[in-house]
Structure formats: C-alpha cells, structure tokens
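Work through the exercises below with the sequence and the model at hand. Each solution goes step by step.

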Amino acid sequence: MCGQIRDFIVPPRPARTLCGRTLAVASIADIKLKHRELVLTFDDGPMPEHTEAVLRALDDASVKATFLMIGAQASRNPDLVRMVAERGHTVGSHTNHHLNLKEVDPGTARADIDTGIENVAAALRPSRFPAAPFFRFPFLLGTRLLRKELSSRRIVVLDADITVGDSDVTLSPQRLHRQAVRRIVRRGSGMVLMHDIHARTAALLPGLFAEIRRRGFTIVHLVPAVAE
Ligand SMILES: [Zn+2]
C-alpha cells in the first residue's frame, strides 16, 4: 500500500501509479530525490473544508503528503490535525502565528516556532500519531541562527523547490494547472509547496495528479527517521 512506513521499494518506471517510495528523514541531507520524484507539502492549515478536500484528492490518488501546520490553526481544529495523521500523512509545523521570522527578534521567533510545535503536538496527543520533527519557515524565510538552532535540536527544516502558485488569486484554474505542470516539469524533481487553505488547491489536485502521472512522476512520502 502506498505510504506504508519503511517501504523503500521503488516502483518500476514508467510509473503506473503516482505512489512512490517512503523516505525516512533524520536530516535535510537524507532528502535526495531522483529525477521525476516529488514530495508534496501543504502549508498553513489545517482549515475546515479545504484540508478535508485536499485529503480526499490525496486518497483518490493513493499518495501521501506532509502537512506543515500553523499551531494556532491546529489548536482551533485538533480533529483535523488528527484526521490528517490518521490518513497516513506526515504532520510537521510552520510556527504558531506565521510570523516573518527574519523580521522579528530571535526571542520572538523562537517562541513562535516552539508554540507552533507544542500546539501541533498537543492536537495529536489523543491519537497514537506523533508529530514529525519537520518545520518550514513562513514565507520560506529563516535566519542562519534559527536554522542552526533547529538543526541542533534535530528538527528538519523543509524548504521548497517548486511553488505552484496556488495562493495567487488572479490565476484561473486552467492557468494555475498549466503553471503548476510547467514548473514541476521544468524542475524535474523536488519538494512542491502548496496550501490546504484554498478551495482552488484541492480543485487543482486531480488534474495535476493525472498530468504528472502521465509524465512518469511519483510522489515520495517523507517520514521521520526513527531515533536509534
Ligand atoms: Zn505559510
């Protein structure tokens, strides 16, 4: 089954399914993707309706993603946090209030990171699923100091290679689809950044999945490496 933990078997190419391997990650160096391998990440949720719609699209394609959640959103929607984890996806964090951590003092930045981590973990606590030590900087903007501190705490900072542009309200669904496909194909592999807070993102996914599957891409599922 796709997304099975610790499954390192790579499906034969050309891929008949989008479902790729599962990659255990202890540090950023572990994320080495081959040509036509993509990692799906969804930021800024969870949000009622939109997160559920994204989950349905992922289920329909039998692929697993990583959700980098905002702590305050997780506190407001703990059932959704658990639903994401129970459906087999990886849950990390994305600060508590989505501050631009480059523009605030280090103390404020640390507090926003840590409260976000705590709130996501608290939402998952009643379930048997722990949060992954995966973090993404809001706006992809971090400082060298914060990166160093996170790394020393064994928290993996996930950057992004491909932004599909799903936050751009000016794009029609057709243009968003073409832009997403173009950017993915041009890059060839990498971590794809999307958001589970827009109706247009969930609407984009079925067509995008069909197209990238046709082109031989597979989706790699990131999971935290089990500590020794
Ligand atoms: Zn964000």
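Two notes come before the exercises. This is a predicted model, in which local features need pLDDT of at least 70, side-chain atom pairs count only at pLDDT 80 or more, and totals for chains, interfaces and linings use all residues. Residues are numbered from 1 along each chain as its sequence is written.

**Exercise 1.** Describe how helix 1 packs with helix 7.

Solution. Helices (H or I, at least four residues) and strands (E, at least two) are DSSP runs, numbered from the N terminus. Axes are lines fitted to C-alpha atoms, for helices over the stretch in contact, and angles run from 0 to 180 degrees between N-to-C directions. Helix 1 (residues 50-61) and helix 7 (residues 199-214) meet at an angle of about 10°, and their axes are 8 Å apart. Helix 1 is therefore roughly parallel to helix 7 (angles under 35 degrees count as such).

**Exercise 2.** Find the buried residues of helix 3 and part of what covers them.

Solution. A residue is buried if 20 or more other C-beta atoms, placed from the backbone, lie within 10 Å of its own. In helix 3 (residues 78-86), Leu-80, Val-81, Arg-82, Val-84 and Ala-85 are buried. Their cover includes helix 1, strand 3 (66-69) and helix 4 (106-124). Just after helix 3, Gly-88 has a positive phi of about 95°.

**Exercise 3.** Which strands pair with strand 9?

Solution. Two strands pair if DSSP finds at least two bridges between them. Strand 1 (residues 19-25) runs parallel to strand 9, with 5 bridges; Cys-19 has Ile-219 as its bridge partner. Strand 2 (residues 37-43) is also parallel to strand 9, joined by 2 bridges, and Glu-37 stands opposite Thr-218. In strand 9 (residues 218-224), 6 of the 7 residues are buried.

Technical notes
Parallel < 35°, antiparallel > 145°, perpendicular 65-115°, else oblique. Buried ≥ 20, exposed ≤ 12 C-beta atoms within 10 Å, placed from the backbone. Contact = placed C-beta atoms within 7 Å.
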